[in-house]
Amino acid sequence: ASEMAPTLKNIISMLENEDILKTSQTLAFCTLAMAELFHAIGMRDTERSVFRFNHLDNKIMILAFFVGVIGQVLVTEVPFLMKVFGTSHMTLGMWGFVTLLGIVPTLVHEIVVIVKKIIK
């Protein structure tokens with residue numbers, strides 16, 4: 001595939017391709033969903049590091065996290081659900097990318113906790 005400069009015109013041109021648009025929308029959907037799942041974990045306590053939580057104290061949160069992840073996998077891997085939700089298949093590499101981006105809220109949470117401790 002030839003490389004295209006990331007200009008607005010080229011981006012619009014690429015998104016006119018239905019496969020590229022569907023893949024882009026799927027990546028955006030899964031990234032947002034994953035980020036919300038990780039964010040929910042951090043919001044259990046805004047004053048403490050997620051590494052200081054006893055995650056087993058909140059079994060419902062653990063269940064919700066895994067149900068959310070499984071739901072995303074189902075809508076990107078089960079052909080019937082892919083058709084219903086208008087999603088596309090995701091490779092293992094795409095899942096890795098989505099997960100890395102999804103962890104960003106947790107990283108921000110940790111930075112905020114550290115800054116709050118420094119300021120106090």
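Reader: Leaving aside its neighbours within four places in sequence, which residues is Thr99 in contact with?
Author: The model is predicted: local features need pLDDT of at least 70, side-chain atom pairs count only at pLDDT 80 or more, and totals for chains, interfaces and linings use all residues. Residues are numbered from 1 along each chain as its sequence is written, and side-chain values use heavy atoms, with hydrogens and water left out. Thr99 is placed in helix H5; helices (H or I, at least four residues) and strands (E, at least two) are DSSP runs numbered from the N terminus. With contact taken as heavy atoms within 4.5 Å, and neighbours within four places in sequence set aside, the contacts of Thr99 are Met34 and Phe38.

Reader: Is Thr99 buried or exposed, or in between?
Author: Buried means under 20% relative accessible area, exposed means over 50%, and partly exposed lies in between (1.4 Å probe, protein chains only). The relative accessibility of Thr99 is 27%, so Thr99 counts as partly exposed.

Reader: How many Å separate the C-alpha atoms of Thr99 and Phe38?
Author: Phe38 is in contact with Thr99. Along the chain the two residues are 61 residues apart, and the separation of their C-alpha atoms is 9.4 Å.

Reader: At what angle do the axes of H2 and H5 cross?
Author: Axes are lines fitted to C-alpha atoms, for helices over the stretch in contact, and angles run from 0 to 180 degrees between N-to-C directions. Helix H2 covers residues 18–42 and helix H5 covers residues 92–102. Their axes come within 8 Å, and the crossing angle is roughly 45°.

Reader: What word describes how H2 and H5 lie to each other?
Author: Angles under 35 degrees count as roughly parallel, over 145 as roughly antiparallel, 65 to 115 as roughly perpendicular and the rest as oblique. The axes of H2 and H5 cross at roughly 45°. H2 and H5 are therefore oblique.

Reader: How many nonpolar residues does the contact of H2 with H5 have?
Author: From H2 the contact takes Thr23, Leu27, Cys30, Thr31, Met34, Ala35 and Phe38, and from H5 Met94, Trp95, Val98, Thr99, Leu101 and Gly102. Ala, Val, Leu, Ile, Met, Phe, Trp, Tyr, Cys and Pro count as nonpolar, Asp, Glu, Lys and Arg as charged, and the others, Gly among them, as polar. In the contact of H2 with H5, no residues are charged, four are polar, and the nonpolar residues number nine.

Reader: How does H2 lie relative to H3?
Author: The axes of H2 and H3 are 10 Å apart, and the packing angle is about 175°. That angle is why H2 and H3 are roughly antiparallel.

Reader: Which residues of H3 make the contact with H2?
Author: On the H2 side the contact is made by Thr26, Phe29, Cys30, Ala33, Met34, Leu37, Phe38, Ala40 and Ile41. By class the contact of H2 with H3 has 13 nonpolar, four polar and no charged residues. The H3 side consists of Met61, Ala64, Phe65, Gly68, Val69, Gln72, Val75 and Thr76.

Reader: Which helices do the buried residues of H2 pack against?
Author: The buried residues of H2 are Thr26, Cys30, Thr31, Met34, Ala35, Leu37, Phe38, Ile41 and Gly42. They pack against H3 (59–77), H5 and H6 (104–119).

Reader: What is the relative accessibility of Thr106?
Author: Thr106 lies in helix H6. Apart from neighbours within four places in sequence, Thr106 is in contact with Phe38 and Val50. Thr106 counts as buried because its relative accessibility is 12%.

Reader: Which residues is Pro105 in contact with, leaving aside its neighbours within four places in sequence?
Author: Pro105 is also placed in helix H6, and counts as partly exposed at 22% relative accessibility. With neighbours within four places in sequence left aside, Pro105 is in contact with Ala35 and His39.
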